[in-house]
Amino acid sequence: MNHGLVKDSIDALHRVATKKAMLKLIPLMCAIYFMSFLDRTNVALAKAQLAADVGISAAAYGLGSGIFFIGYALLEVPSNLAAHRVGPRRWIARIAVSWGILSTAMMFVQGEWSFYALRVLLGIAEAGLFPALMYMVTLWFAPADRPIAVGWIYTAPALALVLGNPLGGALMQLSGTGGLHGWQWMFMIEGIPSVLAGVLLYFKLPERPRDARWLSTDEAQVLEARAVIDTHGHSELTSEDWLAAIKRPTTVLIGLIYFLNQVAFVGLYFFTPAMIQQMHVKTPFIVGLLSSSVGIGFLLGVLILPRIHRRYGNDCVYLGILTAGLVAAGCVFVATSVPAARMVLLAVTAFFAGGVLPSYWAIAMKRLQGIQAAAGLAFINTVGLIGGFVGPYLFGMTETITGRSDSGFMVILGASVLGLALIPVFARAIRREDVSASRVTEGGAASAHP
């Protein structure tokens with residue numbers, strides 16, 4: 001038998017199956033993530049009106065925007081373990097329905113405390129969505145294909161910023177219609193579709209290749225084999241299985257680097273509309289339209305950078321280059337006061353800060369499989385979510401102190417410089433882990449062949 005021909009045949013089958021999975025699965029995953037991002041970030045467009053209508057200050061807005069991530073973070077690991085136990089299809093559908101209801105309820109905000117409470121509840125409802133999607137990627141796609149899959153998934157939040165900001169701005173102009181404020185219309189109209197999407201996903205989203213009717217048996221088998229499918233039985237999950245993932249130095253370090261990225265990036269997109277307004281733009285629709293520059297930069301980043309990463313040999317050097325680009329963009333933004341240049345630099349900052357995200361997850365997924373992937377990815381996202389709280393809070397505090405929303409760029413600079421400093425530490429941890437794994441493998445081989 002010609003083993004070369006057999007391998008070529010299997011490789012060709014895997015390419016066909018992967019293309020089918022990309023075409024069928026990724027649009028569904030993108031749709032639900034698009035809606036979740038739209039519903040968590042639309043509050044940015046309501047900042048000025050919430051201040052005028054219900055008295056929410058810049059500091060309170062920053063706290064309320066970020067506090068979403070505290071509720072999300074508290075339940076992130078338990079939620080993703082539940083996804084592993086009951087199956088991602090059921091769990092993602094449940095998440096979508098519950099967050100859609102709570103997002104719609106944001107129209108009933110009456111002051112700071114109700115704003116805080118609903119943002120916390122929204123985070124709790126959405127907890128586990130993103131790592132459940134990342135866990136599904138590990139079940140369907142080979143390691144080499146994961147940066148592309150994750151990159152496509154990240155187009156969803158980018159498009160939510162590109163399309164959602166002008167849409168939200170247009171809905172804000174319904175103020176007075178039916179006796180409701182514009183922000184009430186926005187929360188209601190953007191929340192209800194998420195409930196409907198959750199119901200649709202329950203019937204349309206297959207959990208594993210073997211469940212997909214649009215794959216042949218051979219295609220499903222080759223996808224599962226190349227993805228290194230989890231072999232744990234759902235009834236056999238133990239604390240040892242998943243604690244091992246979050247004790248690994250590489251998991252902790254990529255989580256810390258991701259944390260610093262989220263301090264910078266989440267603060268950026270929650271405060272961009274306020275920065276635009278301080279450029280003397282007043283019409284809500286125009287503010288939303290110009291704020292989409294961050295989404296455009298983000299979208300270009302997740303479309304271009306994962307494809308470069310796929311061909312780049314050294315993961316840590318690549319992360320260093322992108323983080324250095326973020327530092328440079330922040331420095332130039334702070335150094336200039338020209339509105340047109342600052343608009344471009346908002347997009348460039350988002351290009352680096354958002355475009356690097358698929359690379360974080362692809363690198364993490366190389367080192368985590370099965371239940372360790374479910375727990376480890378959830379842990380990394382939890383650490384990042386804490387950054388999602390810290391970023392808007394620091395942006396709000398700097399605006400309160402300086403009176404300028406754009407002073408938050410000092411937060412971006414500080415976080416990105418710290419992230420750049422951690423990358424060499426992460427590289428050393430990877431080398432140590434690989435050496436240890438090599439020694440274990442060699443020791444096992446030696447025992448098997450005395």
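Buried means under 20% relative accessible area, exposed means over 50%, and partly exposed lies in between (1.4 Å probe, protein chains only). The model is predicted, so local features need pLDDT of at least 70 and side-chain atom pairs count only at pLDDT 80 or more, while totals for chains, interfaces and linings use all residues. Residues are numbered from 1 along each chain as its sequence is written, and side-chain values use heavy atoms, with hydrogens and water left out.

**Exercise 1. Decide whether H309 is buried or exposed, and find what it touches.**

Step 1: Start with the helix. H309 sits in α13, residues 284–310; helices (H or I, at least four residues) and strands (E, at least two) are DSSP runs, numbered from the N terminus.

Step 2: Apply the cut-off. H309 has 4% relative accessibility, so it counts as buried.

Step 3: List its contacts (heavy atoms within 4.5 Å). Leaving aside residues up to four places away in sequence, H309 touches D315, Y318, S359 and I363.

**Exercise 2. Work out how many residues of α7 are buried.**

Step 1: Check the geometry. Helix α7 covers residues 129–140 and reaches 17 Å from its first C-alpha to its last, close to the 16 Å expected at 1.5 Å a residue. That expected span is 1.5 Å times one less than the number of residues.

Step 2: Count. In α7, 12 of the 12 residues are buried, so the helix is largely enclosed by the rest of the structure. Among them are F130, M134, Y135 and W140.

**Exercise 3. Describe the largest cavity and the largest pocket.**

Step 1: On a 1 Å grid over the protein atoms alone, a cavity is a set of points where a 1.4 Å probe fits but cannot get out, and a pocket is an open set with protein on both sides within 12 Å along at least five of seven lines; lining residues have an atom within 4 Å of a point. Grid points are joined across faces, edges and corners, and a volume is the space filled by probe spheres set on the points.

Step 2: Take the cavity. The largest cavity holds about 140 Å³, and 17 residues line it, with Y33, F37, R40, Y258 and Q262 nearest its centre. Helix α12 gives the most to this lining, 4 residues.

Step 3: Turn to the pocket. The largest pocket holds about 290 Å³, and its 14 lining residues include F203, K204, L205, P206 and D211, which lie nearest the centre. Here α9 gives the most, with 3 residues.
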